[in-house]
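I opened the notebook to look up side-chain contacts.

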Amino acid sequence: TIFSEGERYKDQEIPVYHPHGFLPRNKHLTSKNDVVFSEDAYHSQFIDSFSWSNLVQLNHLNSSTCLFIGISLIDPNMRRLLDVSIRKNGKGEKNHYIIKKRYTIEELYPEIDKIKLKDRKVIPVIESIEEQDANNLGFNVIWINHFNEIPEILLEIGK
C-alpha cells in the first residue's frame, strides 16, 4: 500500500496506490496518513500540479498499464490527468483498463413498477456512451454483471 511520498515497495510486491490517503484496518494512523476527506482538501491537491498524488498518478499513467476499479471517471482531476497522459502518448492508444458494472433497468429506474421493453433499450446506449468516453481517455472497458466477478478477473490477471 503506497499512500504518501517516499514510500517504496519490494520487487515481489504489486503496489496499490492511494493518492487521496489510506485508512489502515489494523494499524494506527500516523502523520503520513494524510487522508483527503473534505472538498477543500481535495481542491488543494487538485490545484497543486506538482503534488505527490498528481505526479505519481501521471507517472504511472504514462509508464504503466493501469487497472481502475470502482472509479466513475467523473472526477475532473482524474479526467485532466488522463487527458494529459493520452496527449503525451501521442498515439491515442488505450493502455489502461477499467472495470465497470453493467446497468440494470431497476437501478436506472428504481421507482417504476412496470418497465416497458422500449425503456430497456436505453441501457446499451448509456453503456456505449460510457465506453466511448472511457476509450477517449485511454481505457479498454471490462464490463461485469456483478461485483463478485472482480476477484476472478484479478486472479486471471495475476496468472
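**Aromatic rings**

I searched for aromatic pairs and the count came to 1. The model is a predicted one, and I read every entry here with that in mind.

I looked up the geometry of the pair next. The ring centres of phenylalanine 68 and phenylalanine 139 lie 4.9 Å apart. Their planes stand at 90°, so I logged the pair as edge-to-face; the cut-off for that label is over 60 degrees.

**A charge over a ring**

I then checked phenylalanine 147. Lysine 101 lies over the face of this ring. I noted 5.9 Å from the ring centre, against a limit of 6 Å.

**Salt bridges**

How many salt bridges does a search of the whole structure find? I got 5.

Entry one is arginine 79 with aspartate 133. Their side chains meet in a salt bridge at 2.8 Å, N to O. I placed arginine 79 in helix H3, residues 76-89, and aspartate 133 in helix H6, residues 122-136. The two are 54 residues apart, and the pair links distant parts of the chain. Arginine 79 has a relative accessible area of 27%, which I logged as partly exposed. Aspartate 133 is also partly exposed, at 26%.

Entry two stays within helix H3. Arginine 87 and aspartate 83 both lie there, 4 residues apart, about one turn of the helix. I recorded a salt bridge between arginine 87 and aspartate 83, with the closest N and O atoms 2.8 Å apart. Where do they fall on exposure? Arginine 87 is exposed at 64% relative accessible area, whereas aspartate 83 is partly exposed at 29%. The cut-off for exposed is over 50%, so the two residues get separate labels.

I noted a salt bridge whose closest N and O atoms are 3.3 Å apart. Lysine 159 counts as exposed, with 78% relative accessibility.

Conventions. Residues numbered from 1 in each chain as written. Predicted model: local features only at pLDDT ≥ 70, side-chain atom pairs only at ≥ 80, totals over all residues. Heavy atoms only, no water. Salt bridge = Lys/Arg side-chain N within 4 Å of Asp/Glu carboxyl O. Buried < 20%, exposed > 50% of the residue type's maximum accessible area, 1.4 Å probe, protein only. Phe/Tyr/Trp six-rings, centres within 6.5 Å; stacked < 30°, edge-to-face > 60°. Lys NZ or Arg CZ within 6 Å of the ring centre and 35° of its normal.
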